[in-house]
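Dear colleague,

Please find the structure for your study below.

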Amino acid sequence: MRFDTGGPALRGAAGRLSADRIASLTIALAAAALIALPLASLMRLAMAGDSELWPHLIAYVLPHAIVQTALLLIGVAAVAALAGIVPAFLVAGFEFPGRKVLEWLLPLPLAIPTYIAAYVYADILDAAGPVQSALRDVFGFRTGAEYWFPPVRSLGGAILIIGLVVYPYVYLTARALFKTQSASFAESAYTMGATLWQSFRYISLPLARPAIAVGLALALLEALNDIGAAEYLGVQTLTLSIFTTWLNRGSLGGAAQIALALLAVVTLLIALERTARRRQSVEGDVQDGTVTRRLPLTGRAAALATLACAVPVAFGFVIPGGYLLREAIRRGLISGIEPSLLTALATTVALAAAATVVVLAVGIAATIPLRLAPVKAARPLLAIASMGYAVPGTVLALGLLSPLVAGDELLNWLSGKLAGVQLGLVLAGSSAALIVAYTARFSSISIGVVQAGLAQMPREFDESARLEGAGIWPLLRHIHLPLLTPTLTGAALLVFVDCLKELPMTLLMRPLNVETLATSIYQFATRGSFEDGALAALLIVLAGIPPVILLMRMPDARETRR
Amino acid sequence: MFKPVHAVSLAAVLVAGAVSPALAQGEVNVYSYRETKLIQPLFDAFTSETGIKVNVISASSGLEQRIKSEGENSPADLLLTVDIGRIEEAVKAGISQPIVSAALDKVVPAQFRDPEGHWYAISMRARVVYASKERVQQTSLTYEELADPKWKGKICIRSGQHMYNNALIAAYIAHHGEAKAEEWLKGVKANLAQKPSGGDRETARDVAAGKCDLGIGNTYYYGLMQVNPQQKPWADATKVILPTFQGGGTHVNVSGVVLAKHAPHKAQALKLIEWLAGEKAQHMYADVNYEYPLRPGIAINPAIAAFGTLKADPMPLSKIANEKKAAAALVDKVGFDN
């Protein structure tokens with residue numbers, strides 16, 4: 001998440017364009033307000049709460065939760081980086097057996113909700129599961145207590161399971177950058193005798209760092225905010241402690257206080273990373289017209305590359321997806337598909353698509369004008385606009401309730417004055433609430449991804465266009481948007497799939513009688529039989545596949561056109 | 001990528017969401033913490049009998065806050081919840097109004113309703129022990145005994161902060177006081193075979209697979225397991241023991257109903273509450289969800305009756321609800337989940 005304002009050359013030109021500056025400030029302000037509103041009501045909750053719980057929290061809850069959360073995040077970062085960056089580098093720059101298929105299979109774990117992955121792996125690896133049952137049969141054990149087997153419901157299990165379904169955030173952002181950055185650097189280094197590792201370590205990796213940072217930040221925030229998988233796997237994270245503080249310790253105010261403290265830490269960490277990155281900033285010459293060819297790999301190198309890409313796909317997608325498919329078939333769910341499930345599918349896709357369009361618009365509107373007409377004051381606004389992802393879904397939803405109802409009351413007052421009609425809760429009581437919620441939560445994806453894309457784009461483009469007298473709109477239309485298309489498509493996919501599987505906000509904010517696929521799965525899971533929801537889970541995966549394929553085909557089409 | 005078609009379907013979703021709640025006659029809006037899969041058959045039966053349509057939102061937390069935020073415009077008529085602590089909190093949040101119904105007072109026993117009528121319990125479940133048939137000879141147990149070192153490394157349980165366990169620990173405090181409850185909880189912790197995790201179904205599964213000998217779970221899960229072909233073997237490998245508190249009975253908790261303060265369809269809402277306490281619905285609670293019906297004279301499902309006669313703990317539910325926070329603090333203090 002990079003909040004970069006203009007370079008020195010542009011600043012001179014921008015100084016003259018005060019109308020532009022006002023416009024960009026206004027847009028950034030609007031985007032920030034959208035996310036700032038729920039945060040403000042969280043702050044109100046936090047301030048209404050007292051501090052009497054804190055000695056207890058500090059003595060008994062937070063130390064353990066902080067350590068567990070830190071270990072979880074470090075572990076997930078390692079898994080997601082390994083499973084995301086290496087395959088992205090390989091599929092973008094090299095040719096090896098299975099590359100084409102693997103390239104579009106690699107993002108698919110994104111469509112598997114973390115709590116579903118946790119259920120599936122517990123089913124497979126728990127004492128009663130097929131793996132341990134087979135071991136008992138082979139070695140003649142009678143009970144699951146007679147031998148040691150790594151417990152899947154544990155911190156280690158959570159790291160592996162969550163890491164293997166969130167790595168696509170890293171893969172997608174890194175791949176887009178590996179593809180658009182001049183792979184020619186890496187290629188020339190490689191042909192000049194550098195090893196594959198050297199060209200990766202010293203050329204490709206530094207160039208892709210902004211994108212990798214964005215992807216990792218998204219992956220880690222997903223891990224941080226997860227509640228279902230952490231609770232199920234018995235990991236006492238800070239997010240879980242926010243919930244227990246609210247629901248069991250009976251202090252919504254205290255929960256809001258922890259949530260805000262956590263948010264402050266996350267914001268600080270992201271800012272630190274950004275500063276560190278700016279100090280060693282590398283600006284690439286993106287897509288300067290040279291055709292990127294992929295280097296063919298042979299022999300052991302090719303086999304290793306195939307393996308490195310196949311392992312994340314196998315564990316993140318094929319195993320959980322295959323398990324769901326088996327359960328769906330076994331239960332006859334596919335032959336007897338319920339009409340309510342199809343309605344849920346249509347609702348889910350419509351909501352996700354609408355939210356994606358809004359989220360992308362916010363991402364573009366909040367970042368590009370600022371590059372053209374930089375305003376210092378806009379920086380903190382953008383930082384605020386990027387915070388939605390760092391707040392646990394249910395907490396963000398709680399924060400959104402009051403602003404939405406306030407909006408409704410305003411609308412009712414207006415309609416009462418103007419037409420003598422009471423509209424009721426047209427915002428808070430309709431699906432509009434969900435679109436607002438998804439936008440508040442996922443705008444940081446589009447803002448972060450667009451910023452990373454812009455950071456890679458040489459400023460000479462803007463400057464020469466501006467010197468030739470091009471206005472903001474033509475510059476945006478003919479230069480920025482076309483160059484950003486791959487990055488934007490990547491962001492669209494992330495947002496769309498995130499909306500498809502979003503559960504906590506949808507549960508709390510959806511209108512009466514509206515079910516999405518995620519809430520349908522939830523209904524089965526609460527009855528202790530999530531497998532009965534296998535088909536709904538599969539439908540999330542299926543709905544996620546077309547945009548993935550679309551995304552994977554796009555840059556290739558551009559390459560051949562050149 | 002998604003323009004015209006989705007604009008239309010979105011509009012449809014928006015309109016459907018915005019128009020249906022408050023305007024039409026003959027409907028009732030339910031905010032529910034209970035599983036839709038369980039409750040929907042009840043609502044369907046109610047609609048076909050009365051012609052009153054039931055609109056539902058089900059969630060796992062935050063519905064009280066939603067109703068509170070929505071204020072006077074809230075479409076909510078009823079809040080269906082589980083757990084006495086939660087029910088009392090909803091009342092404390094000021095989102096309820098008294099339910100006045102002589103018919104209800106006749107069929108819901110006094111200990112299962114608020115003296116001022118702010119909540120009525122509808123069904124009941126017990127928190128019991130799933131014991132390995134093979135490895136556990138005992139046929140009766142006390143909750144106190146769960147801390148006995150003879151069970152070292154033999155007990156499985158989900159998170160101590162889950163509301164089911166929270167209420168059990170709160171009941172222990174209500175019986176024996178905080179200091180003794182802390183000792184007990186430490187003892188139970190020392191007896192655990194693994195870190196608290198999973199849900200009641202995982203607990204049963206772990207007992208069946210021999211990971212532990214005793215598991216703590218709710219009665220209805222056991223009933224559900226017996227009718228699920230995949231889970232049947234877990235039920236077959238275990239037996240249910242109804243533990244009791246020394247000098248008390250088996251810990252029970254309830255599902256209940258709260259009438260929203262600004263309920264726009266109050267008459268229909270009252271009708272639904274009365275119907276849920278009626279004979280047909282109570283039979284469904286017993287036979288579809290394997291709960292204990294609250295209405296006297298309704299047969300308990302045979303699968304549940306097979307556990308033996310339930311001697312429900314006479315400790316008043318509101319006393320248990322009062323210890324909810326203390327129970328949560330104890331779980332923190334002894335690091336039960338760590």
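The notes below describe what was found, beginning with chain A.

Please bear in mind that this is a predicted model. The mean pLDDT of chain A is 83, and 88% of its residues score at least 70. Two stretches of chain A call for care. In residues 284–291 of chain A the pLDDT is below 50, although this stretch has 19 contacts in the model beyond near neighbours in sequence. In residues 556–562 of chain A the pLDDT is also below 50, and here the model shows 3 contacts beyond near neighbours in sequence. Where pLDDT is low, the predicted coordinates should not be read in detail.

As to its fold, chain A has 22 helices and 2 strands. Of its 562 residues, 56% count as buried. Among the contacts in chain A with a separation of 6 or more, 85% are between residues 24 or more positions apart.

Trp473(A) lies in helix α19 of chain A, which covers residues 472–501. Is Trp473(A) buried or exposed? It counts as exposed, because it has 9 C-beta neighbours inside 10 Å, and the cut-off for an exposed residue is 12 or fewer. The C-alpha atom of Trp473(A) is 9.5 Å from that of Pro369(A), although 104 residues separate the two along the chain.

Next comes the interface between the two chains. Here 61 residues of chain A are in contact with 63 residues of chain B. Several helices of chain A each supply at least two residues to the side that touches chain B, among them α3 (54–93), α14 (339–372) and α16 (393–419). By class, this side of chain A has 31 nonpolar, 22 polar and 8 charged residues.

Finally, I turn to chain B and its domains. The domain assignment gives domain 1 of chain B as 21–124 + 253–299 and domain 2 as 125–251 + 307–333. Taken over C-alpha atoms, the centres of these two domains are 27 Å apart. In their contact, domain 1 of chain B takes part with 13 residues and domain 2 of chain B with 17 residues. On the side of domain 1 that touches domain 2, α4 (84–92) and β9 (252–260) of chain B each supply at least two residues. The largest share of that side, 4 residues, is from α4(B). Sorted by class, the side of domain 1 of chain B that touches domain 2 has 5 nonpolar, 4 polar and 4 charged residues.

Yours sincerely,
A colleague

Key
Residues numbered from 1 in each chain as written. Chains lettered and ligands numbered in written order. Predicted model: local features only at pLDDT ≥ 70, side-chain atom pairs only at ≥ 80, totals over all residues. Domains from an automatic or database assignment. Contact = placed C-beta atoms within 7 Å. Nonpolar A, V, L, I, M, F, W, Y, C, P; charged D, E, K, R; others polar. Buried ≥ 20, exposed ≤ 12 C-beta atoms within 10 Å, placed from the backbone. pLDDT = per-residue confidence, 0-100.
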